[in-house]
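Here is a short briefing on one structure.

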Amino acid sequence: MRALLLVFVAACTAPANDSQAPAPVSDCAEAPAGTEPPAAVIAGEPPKNLLMISIDTLRRDRVGRYSGLDTTPFLDARLAEALVLDDMRACSNWTLPGVSCALSGMSPLERGIDPVSADPAFPTRQLPADTETLATWLAAAGFDTRLASGSRLFSDAYPIGNGFGTVVYDDDARAEKVAQLGLEAIDAATGPWYVHVHFRDPHSPYDPPDAYQGALAGVDLGELDPRTRAGIDAIEAGWRSLEPAARHTLAANIDQLYQGELRYLDDQLEAFWAALAERGVLDDTLVVFWSDHGEQFFEYGGFQHEASLHHVEGMAIGAFWASGLAPTAWEGPTTQVDVTPTTMAILGQPVPASVTGHVVGTAPVNRVRISSAVNTRGVPILAVDQSGWRMFYSWTGRRSLHDLGADPSEVTNLHDTQPRRVECLWEHLGPAVAQIDPANAGAEAVRPEP
């Protein structure tokens with residue numbers, strides 16, 4: 001077993017609480033980066049292999065570490081053993097941009113596209129066919145690269161699958177099947193190897209096995225049944241017309257089933273981990289956990305994801321685990337673009353020049369983080385945060401500002417009472433807005449109908 005040593009350059013504490021007070025803003029500009037050594041410096045030989053476990057549609061505030069719920073005891077235990085990123089923003093609110101950020105180390109906006117789309121009718125939103133990814137760089141370094149995925153969105157059907165020598169995906173496959181595909185990939189791999197296993201659970205429809213449905217098992221939920229595709233479509237079409245009491249009941253049913261999905265996934269992850277231990281592969285393998293985006297249950301006027309960039313959709317998990325790696329809760333601001341450079345650093349590989357993310361520990365403490373998406377109505381939405389303040393922008397002309405220390409749920413709009421905060425954040429967000437559509441760079445502008 002190879003010993004790993006991490007050297008940390010900033011204060012690290014217990015797992016972060018979402019309501020923790022932020023540091024005050026001292027200036028609009030970011031502090032200089034790169035003046036300190038990285039947070040992950042390994043003494044001795046690095047891990048030989050890499051296993052990535054990514055989870056689709058993982059709502060962070062339903063994970064036990066951040067909620068106190070009993071939804072994910074196995075995952076919580078692994079996060080407690082890891083270098084865990086307790087303040088990680090997603091680049092967007094759905095799979096293609098989230099995965100592209102994590103695996104290319106660059107956001108869609110930094111590529112000059114608006115933002116990533118699966119629709120070929122929007123070429124300015126497409127990832128370039130020659131997009132380089134973590135798999136591209138590790139394959140060039142001699143790694144056997146293999147992807148086992150439960151989603152076509154993360155496969156070789158899109159450039160985010162570039163670099164994998166072997167790709168196997170089963171669209172909409174349950175976690176048990178995806179875990180089996182992952183084990184088969186590991187069994188077939190020759191070292192050094194990078195195997196990526198992408199779980200689609202707990203994505204909708206929310207239909208965990210009956211044993212995970214609690215009191216809803218076997219109950220007829222009628223037309224608005226979140227366990228079926230038709231039910232999800234009916235909810236999407238009709239929830240706004242429901243009376244408040246009916247909407248509350250529907251949201252409670254959805255949440256209960258979603259938590260059941262998490263418990264089912266967690267049990268499959270535990271079985272997968274046991275199989276890895278039996279194979280003896282964990283002793284010399286870096287395991288990286290991350291999620292692509294969250295999920296919404298009507299809290300901000302939307303359902304599922306691709307609705308808003310609020311924390312329920314826009315926060316992600318990230319963690320780096322290896323035998324002998326000191327458990328550390330990293331509370332500094334991170335984003336999905338940090339996954340690839342930190343992984344490369346831990347593996348002892350050079351970080352590619354195109355990567356804009358930071359090795360954990362080297363980013364400015366007052367780092368600016370921008371996320372972007374096109375919502376379900378086709379309207380571009382953006383968000384920016386710095387030092388505990390977050391501002392949202394929509395092409396409907398709406399801007400809202402939130403003090404995350406006092407208002408972690410992002411419901412109290414301080415836009416009209418904090419002009420200096422707005423000015424500072426707009427210095428960073430304004431150019432991103434202008435990049436997407438120069439004709440709509442003003443705060444009151446409305447995107448024309450296509």
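Buried means under 20% relative accessible area, exposed over 50%, and partly exposed in between, with a 1.4 Å probe and protein chains only. By that cut-off Ser107 is buried, with a relative accessible area of 11%. The model is predicted: local features need pLDDT of at least 70, side-chain atom pairs count only at pLDDT 80 or more, and totals for chains, interfaces and linings use all residues. Residues are numbered from 1 along each chain as its sequence is written, and side-chain values use heavy atoms, with hydrogens and water left out.

- Helices (H or I, at least four residues) and strands (E, at least two) are DSSP runs, numbered from the N terminus.
- Helix H3 spans residues 95–104 and is mostly covered, with ten of its ten residues buried.
- Among them are Thr95, Leu96, Pro97, Cys101 and Leu103.
- Contact means heavy atoms within 4.5 Å.
- The buried residues of H3 pack against strands S1 (49–55), S6 (193–199) and S7 (285–291), and against helices H4 (108–111), H5 (134–140) and H10 (339–346).
- Gly105 follows H3 and has a positive phi, near 70°.
- Ser107 sits in the loop between H3 and H4.
- Beyond residues up to four places away in sequence, Ser107 touches Cys91, Cys101, Val337 and Thr356.

**Helix H2 against helix H8**

- The axes of H2 (residues 73–80) and H8 (residues 244–279) come within 7 Å and cross at roughly 55°.
- Axes are lines fitted to C-alpha atoms, for helices over the stretch in contact, and angles run from 0 to 180 degrees between N-to-C directions.
- H2 and H8 are therefore oblique to each other.
- Angles under 35 degrees count as roughly parallel, over 145 as roughly antiparallel, 65 to 115 as roughly perpendicular, and the rest as oblique.
- From H2, Pro73, Phe74, Leu75 and Arg78 meet Asp266, Leu269, Glu270 and Trp273 of H8.
- The residues of this contact divide into five nonpolar, no polar and three charged.
- Ala, Val, Leu, Ile, Met, Phe, Trp, Tyr, Cys and Pro count as nonpolar, Asp, Glu, Lys and Arg as charged, and the others, Gly among them, as polar.
- Phe74, Leu75, Asp76, Arg78 and Leu79 are the buried residues of H2.
- Their cover includes S1, H1, S2 (83–85), H8, S7 and S11 (318–321).

**Arg62**

- Arg62 is in the loop between S1 and helix H1 (64–67).
- Arg62 is buried, at 13% relative accessible area.
- Tyr258 is 196 residues from Arg62 in sequence, yet their C-alpha atoms are 8.9 Å apart in space.
- Leaving aside neighbours within four places in sequence, the contacts of Arg62 include Ser67, Leu69, Asp255, Tyr258 and Glu299.

**Salt bridges**

- A salt bridge is a side-chain nitrogen of Lys or Arg within 4 Å of a carboxyl oxygen of Asp or Glu.
- The structure holds 22 salt bridges.
- Arg62 and Asp61 form one of them, at 3.2 Å, N to O; Asp61 counts as buried at 17% relative accessibility.
- Arg146 bridges to Asp144, with the closest N and O atoms 3.2 Å apart.
- Arg146 counts as buried at 16% relative accessibility, and Asp144 counts as buried at 16%.
- Asp385 and Arg390 meet at 2.9 Å, N to O.
- Asp385 counts as buried at 3% relative accessibility, and Arg390 counts as buried at 1%.
- Asp87, Arg89, Arg369, Asp385, Arg390 and Glu410 are linked in a salt-bridge network.
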